[in-house]
Each structure stands twice: as structure tokens, then as C-alpha cells.
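Take a first look at the structure below.

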Amino acid sequence: MSTHAAHREQQLDTLAAFLKAAGDPLRLEVLQVLGQNSFGVLELCEIMAMKQSGMSHHLKVLAKGGLVEKRREGNSIFYRRRLPQTDGAEGAVHSALLDELDDGPLNEEVAARLEQVQQQRAEQSRAFFAR
């Protein structure tokens with residue numbers, strides 16, 4: 001296989017992983033939530049009202065598709081949306097997808113749980129600095 005053909009195959013694999021990640025309504029909701037802030041797995045479980053094993057699977061698919069990034073803080077892993085890359089085939093699609101998600105309303109129940117998690121965070125922060 002030529003270098004060009006191998007590169008093209010890599011591009012198509014990347015695009016397929018991106019489309020798989022973006023092709024699930026729950027993962028799209030997670031991306032909407034991550035448009036508000038970065039969150040830990042357990043926070044996302046609470047916001048999306050699902051078990052950790054399911055959330056971890058969805059986050060793994062989103063990461064493989066290049067839609068989220070993770071960072072470790074102590075024992076916790078936080079996820080955030082990955083910014084669209086300008087060079088790849090999926091860059092324009094990624095950018096359009098995030099614009100669409102940011103323009104649409106968040107599910108009311110998800111929005112209410114998101115608000116609860118954000119209030120818990122604020123309360124923990126106040127308690128921490130009060131000590």
C-alpha cells in the first residue's frame with residue numbers, strides 16, 4: 001500500500017470514529033453538557049442519570065472519536081469538549097456539530113440535574129475556602 005493510500009485509510013478511520021461517536025443521541029447530550037464546563041465521570045453520571053459503566057463506555061467512544069479530552073486531577077478524571085481541528089476531514093463537521101448543539105436547548109431534566117451539580121460544586125468550594 002502506498003503512503004498516500006495508507007494516509008487516506010487513516011483519514012477515513014478517523015472520520016468513521018468521529019461519526020460513530022457523534023451518532024448517538026445520549027453522546028450528543030453529553031457534548032451539550034460539556035459545553036457548559038468540564039465534569040468528572042461521577043458528575044456526568046449524576047447529570048445524565050446513568051450508571052458509571054455506561055457513562056464510561058460513552059466517554060471512551062467520544063474520546064476515540066476525538067470529541068472529548070480528559071485530564072487527571074488527583075484520583076479524578078475530568079472530561080471536556082475537544083476543540084475542532086482545522087486540518088482534518090472532520091474539522092468542519094465537528095465545528096458545525098458543536099454550533100448546532102450550543103444553539104439547541106438542553107433537555108429540561110438534564111438541565112435541572114446539571115444545575116444541581118453546579119450548585120453542589122459551588123457549595124463544596126465555599127466550604128473548602130471557609131475552612
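The paragraphs below go from the whole chain to its parts.

This is a predicted model, in which local features need pLDDT of at least 70 and side-chain atom pairs count only at pLDDT 80 or more, while totals for chains, interfaces and linings use all residues. Residues are numbered from 1 along each chain as its sequence is written, and side-chain values use heavy atoms, with hydrogens and water left out.

Begin with the whole chain. It holds six helices and three strands. Helices (H or I, at least four residues) and strands (E, at least two) are DSSP runs, numbered from the N terminus. Read from that end, the order of the elements is α-α-β-α-α-β-β-α-α. The C-alpha trace spans about 60 × 35 × 25 Å along its principal axes. Of the 131 residues, 32% count as buried. Here buried means under 20% relative accessible area, exposed means over 50%, and partly exposed lies in between (1.4 Å probe, protein chains only).

Now go to helix H2. Gln-32 belongs to this helix, which covers residues 25–34. How many of the residues of H2 are buried? Seven of the 10 are, so H2 is largely enclosed by the rest of the structure. The buried residues are Arg-27, Glu-29, Val-30, Leu-31, Gln-32, Val-33 and Leu-34. Gln-32 counts as buried because its relative accessibility is 12%. A polar atom of the Gln-32 side chain lies 3.3 Å from the backbone oxygen of Pro-105. A polar contact is a pair of N or O atoms within 3.5 Å; within protein, one must be able to donate a hydrogen and the other to accept it, and residues adjacent in sequence count only if both atoms are side-chain atoms. At the start of H2, a side-chain oxygen of Asp-24 comes to within 2.9 Å of the backbone nitrogen of Leu-26.

Gly-40 sits in strand E1, residues 39–40. Gly-40 is buried, at 8% relative accessible area. Along the sequence, Gly-40 and Gln-118 are 78 residues apart; in space, their C-alpha atoms are 12 Å apart. Ala-49 lies in the loop between helix H3 (41–48) and H4. Ala-49 is not a glycine, yet its phi is positive, about 55°. Is Ala-49 buried or exposed? With 53% relative accessibility, Ala-49 counts as exposed.

Turn to the charges on the surface. Lys-20, Lys-60, Lys-64, Lys-70 and Arg-72 gather there in a patch of positive charge. Helix H4 (52–64) and strand E2 (68–73) are the elements that give two or more residues to the positive patch. Such a patch is made of residues with over 30% relative accessible area and no salt bridge, with like charges joined within 9 Å. Lys and Arg count as positive and Asp and Glu as negative; His and the chain ends are not counted. Lys-70 is exposed, at 57% relative accessible area.

Opposite charges come next. Side chains of opposite charge can pair when their charged atoms come close. In a salt bridge, a side-chain nitrogen of Lys or Arg is within 4 Å of a carboxyl oxygen of Asp or Glu. The whole structure has five salt bridges. One of them joins Glu-73 and Arg-71, at 2.2 Å from N to O. Glu-73 is partly exposed at 46% relative accessibility, and Arg-71 is partly exposed at 32%.

Another salt bridge pairs Arg-81 with Asp-102, at 2.9 Å from N to O. Arg-81 lies in strand E3 (residues 76–81) and Asp-102 in helix H5 (residues 91–103), so the pair ties together parts that are 21 residues apart in sequence. Arg-81 is buried, with a relative accessible area of 16%, whereas Asp-102 is partly exposed, with 45%.

Helix H5 also holds Gly-91. Gly-91 counts as buried, at 7% relative accessibility. Gly-91 and Leu-15 are 76 residues apart in sequence, while their C-alpha atoms are 9.5 Å apart in space.

Finish at helix H6. Glu-123 forms a salt bridge with Arg-126, and their closest N and O atoms are 2.9 Å apart. Both residues lie in H6 (residues 108–130), three residues apart, which is about one turn of the helix. Glu-123 is partly exposed, at 43% relative accessible area.

Definitions and conventions:
Patch = residues over 30% accessible without salt bridge, like charges linked within 9 Å, V, L, I, M, F, W, Y side chains within 5 Å. Areas by Shrake-Rupley, 256 points an atom, 1.4 Å probe, with all protein chains shown as cover. Charge placed at Lys NZ, Arg CZ, Asp CG, Glu CD.
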